[in-house]
Amino acid sequence: MQFHHHGYVSTDPRVQPAAGIGLDRPADLPDEVDVLIVGSGPAGMIAAAQLAQFPDLNVRIIERRPGRLEIGQADGIQARSVETFQAFGFAERITAEAYRITEMAFWGPDPEDPSRIVKTSAPEDDPTGISEFPHLIVNQARVLDYFAEAARNAPGRVTPDYGYEFRGLEVAQEGEHPVRVTVARTAGDQTGEERVIRAKYVIGADGARSGVRAAIGCTLAGQSANHAWGVMDVLAVTDFPDIRTKCAIQSSTGGNILLIPREGGYLFRMYVDLGEVPEDDHGRVRQTPMEEVIRRANAIIAPYTLDVRNIAWSSIYEVGHRITDRFDDVQPDERGTRTPRVFITGDACHTHSAKAGQGMNVSMQDGFNIGWKLGHVLDGRAPESLLDTYSLERQVVAQNLIDFDKEWSTLMAKPASELGSPQEVAEFYTRTMEFPAGFMTEYAPSQIVAEARHQELATGFPVGKRFKSARVVKVADTNPVQLGHFHTADGRYRLYAFADRPAAGEASAMTALAEWFEQSPDSPIRVHTPEGRDSSAIIDVKAVYQQGHHDFHLGQVPDAFKPIVGPFELVNLENVYASLPDEDIFDIRGISRDGAIVVVRPDQYVGAVLPLTATDELAEYFRGALLPAVRQPA
């Protein structure tokens with residue numbers, strides 16, 4: 001964390017100075033806004049936290065509840081989400097209070113006595129080191145609390161407007177605020193009173209029964225698996241030995257259980273198999289009493305017993321897999337003729353089972369994706385065409401998730417007698433763990449994802465996938481650090497220049513690149529940075545050298561990698577890194593010894609891999625992603 005560059009800070013440095021709208025944010029919901037977010041779930045709150053980094057934007061988030069969520073349904077936090085939490089500044093704190101998954105135990109019928117269950121395997125959760133971040137379990141309500149804090153402490157000072165319900169919207173073809181949104185009060189003396197909010201853009205993050213989705217004519221298409229599960233968060237006394245370990249339990253006759261220990265050391269969640277649902281059930285299975293769910297759980301874990309003392313939360317649900325045909329308000333025959341004004345995120349556009357632990361995780365990436373893109377367009381950094389990439393990118397991710405979840409949930413529901421082997425579920429879990437960890441997303445080429453023509457220069461940073469961190473040394477203070485952990489969710493692009501190492505007397509491509517950044521009229525720093533802003537305000541350039549940190553000093557580093565920041569024009573010395581002798585990032589991430597440029601989008605996905613000498617291609621990439629900065633007349 002860097003601070004003091006605007007003057008001495010004696011208070012919590014995570015609270016950024018208010019700016020723009022945040023200096024005098026209206027207490028009441030105004031009649032006109034730049035962005036109206038409907039729903040304060042995971043997708044809505046991360047979008048709010050991201051947009052709060054753009055202080056000149058008037059952003060409001062409405063929620064029909066009268067206050068914060070107290071108990072959330074979701075609880076699984078995949079490593080990619082924790083990586084995202086790091087970008088928003090709270091990964092360490094939420095990890096400290098969460099339950100951490102390090103293994104998953106698999107139980108099945110005892111071959112000697114199928115009426116009893118025995119442990120069959122317990123594979124590591126991340127044996128190959130997919131991420132340096134952990135796999136966590138924590139209440140959704142706490143995730144929302146942390147995002148609310150991030151939004152509240154950002155320059156725009158965004159906070160939820162509770163007690164407002166979405167009633168409908170209309171999109172006009174003209175006007176500065178073309179979206180007319182009807183809302184109604186849900187609490188207080190004005191309950192039921194309607195009013196109209198005019199917005200430039202709307203994000204629908206209002207769940208599986210989304211009113212925003214219905215208003216723009218989208219419908220969820222898909223099917224139900226006709227299989228029901230009872231889920232309960234309980235405090236109980238049991239002799240089951242793995243009660244504090246994530247488990248998949250398959251009995252010979254009594255169904256299956258997915259056991260998820262919860263944070264705090266005592267609470268745990270059970271997804272209990274209620275079996276096939278007849279087509280003429282008409283929702284009766286949802287009336288199953290919790291006493292019956294507990295009875296079935298005891299039958300499944302025999303010879304062990306479960307004495308439930310308290311139920312904190314419970315529900316009955318049927319597995320369904322559905323997705324909308326589009327994630328915005330542009331009809332297929334309109335695509336390319338106008339840009340979207342209304343977007344849907346999370347459960348509003350994709351639903352699936354809870355057992356893969358993906359709902360909240362994928363929803364947050366939806367919100368992150370549209371948040372920075374709206375920020376760039378409204379801030380004047382990027383063309384409106386950028387907004388077309390939201391549906392293009394996230395719809396593919398949602399479909400891949402549904403395809404994966406169908407396979408996983410079907411496997412979880414199989415009786416043990418129908419499995420190919422006792423290890424089938426465990427083997428599937430191990431074989432596919434990169435997907436549920438959140439790291440299989442790979443965006444297709446677009447105006448913000450270049451063709452992978454130079455991928456061989458950095459094989460460990462696939463274009464279109466998230467930037468995978470590795471350890472380096474920060475030269476200024478000699479501290480070993482994770483390079484990716486400095487990619488905060490501040491709306492900036494990151495450009496990593498991995499240096500070449502020329503022989504004695506040869507010219508350095510790294511030095512030539514630095515000179516181009518500073519002197520060329522085509523330099524993206526010069527073209528896209530607004531007048532009066534720090535040179536790193538839009539594109540944050542970082543230098544990574546092959547040498548050890550004792551083999552050179554900061555005085556030998558070109559000024560382009562040491563930007564001037566703040567009103568006192570201080571030199572930022574913390575963007576220069578060196579390789580570790582025993583963990584060389586060039587070897588670990590397959591970076592060419594001739595060097596490479598890796599461009600990373602504000603949401604941490606690799607936008608381009610280029611040679612150090614490919615300045616024309618680099619300038620072209622940013623001309624597609626960003627608009628030229630407006631210059632004041634001389």
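1. Gly207 is partly exposed, at a relative accessible area of 22%. Here buried means under 20% relative accessible area, exposed means over 50%, and partly exposed falls in between (1.4 Å probe, protein chains only). Apart from neighbours within four places in sequence, Gly207 is in contact with Arg213, Asp347 and Ala348, where contact means heavy atoms within 4.5 Å. Gly207 and Ser40 are 167 residues apart in sequence, yet their C-alpha atoms are 9.7 Å apart in space.

2. A word on how to read all this: the model is predicted, so local features need pLDDT of at least 70 and side-chain atom pairs count only at pLDDT 80 or more, while totals for chains, interfaces and linings use all residues. Residues are numbered from 1 along each chain as its sequence is written, and side-chain values use heavy atoms, with hydrogens and water left out.

3. Another glycine to visit is Gly255, in the loop between β13 (246-250) and β14 (256-261). Gly255 is buried, because its relative accessible area is 16%. Beyond its neighbours within four places in sequence, Gly255 is in contact with Ile249, Gln250, Asp273 and Ile300.

4. Next comes Val118, in strand β6 (residues 113-121). Val118 counts as partly exposed because its relative accessibility is 26%. The contacts of Val118, leaving aside neighbours within four places in sequence, are Phe106, Trp107, Gly108, Pro109, Asp110 and Pro111. Val118 and Ala141 are 23 residues apart in sequence, and their C-alpha atoms are 35 Å apart in space.

5. How many cavities of 30 Å³ or more does the structure hold? There is one, and about 70 Å³ of space lies in the largest cavity. On a 1 Å grid over the protein atoms alone, a cavity is a set of points where a 1.4 Å probe fits but cannot get out, and lining residues have an atom within 4 Å of a point. Grid points are joined across faces, edges and corners, and the volume is the space filled by probe spheres set on the points. The lining is made of Glu83, Gln86, Glu132, Phe133, Phe467, Ser469, Gly484, His485, His487, Tyr496 and Gln604. By class, that lining has three nonpolar, six polar and two charged residues; Ala, Val, Leu, Ile, Met, Phe, Trp, Tyr, Cys and Pro count as nonpolar, Asp, Glu, Lys and Arg as charged, and the others, Gly among them, as polar.

6. Rings of Phe, Tyr and Trp (its six-membered ring) pair if their centres lie within 6.5 Å; planes under 30 degrees apart count as stacked, over 60 as edge-to-face and the rest as tilted. By this rule there are 26 aromatic pairs. One of them joins Phe486 and Tyr577, a tilted pair at 6.0 Å centre to centre with 45° between the planes. This pair links distant parts of the chain, 91 residues apart: Phe486 is in the loop between β20 (479-482) and β21 (493-498), and Tyr577 is in strand β25 (residues 576-578). Phe486 is partly exposed, at 24% relative accessible area, whereas Tyr577 is buried, at 0%. The rings of Tyr621 and Phe622 have centres 5.2 Å apart and planes at 85°, so that pair is edge-to-face. Both Tyr621 and Phe622 are buried. Phe85, Phe88, Phe90, Tyr146, Phe147 and Phe368 form one aromatic cluster.

7. Two arginines also meet rings. The charged end of Arg341 sits over the ring of Tyr201, 4.6 Å from its centre, and that of Arg466 sits over the ring of Phe439, 3.7 Å from its centre. The rule asks for NZ of Lys or CZ of Arg within 6 Å of the ring centre and within 35 degrees of the ring normal.

8. Finally, some backbone details. Most residues other than glycine have a negative phi, and most peptide bonds are trans. A cis peptide bond joins Ala302 and Pro303, with omega about 15°, and Pro303 is in the loop between α6 (290-300) and β16 (306-324). Thr478, not a glycine, has a positive phi of about 65°. Gln604, a cavity-lining residue, also has a positive phi, about 80°, and is buried at 5% relative accessible area.

Methods. Helix = DSSP H or I, 4+ residues; strand = E, 2+ residues; numbered from the N terminus. 1 Å grid on protein atoms, 1.4 Å probe; cavity = no way out; pocket = protein on both sides within 12 Å on 5 of 7 lines; lining within 4 Å.
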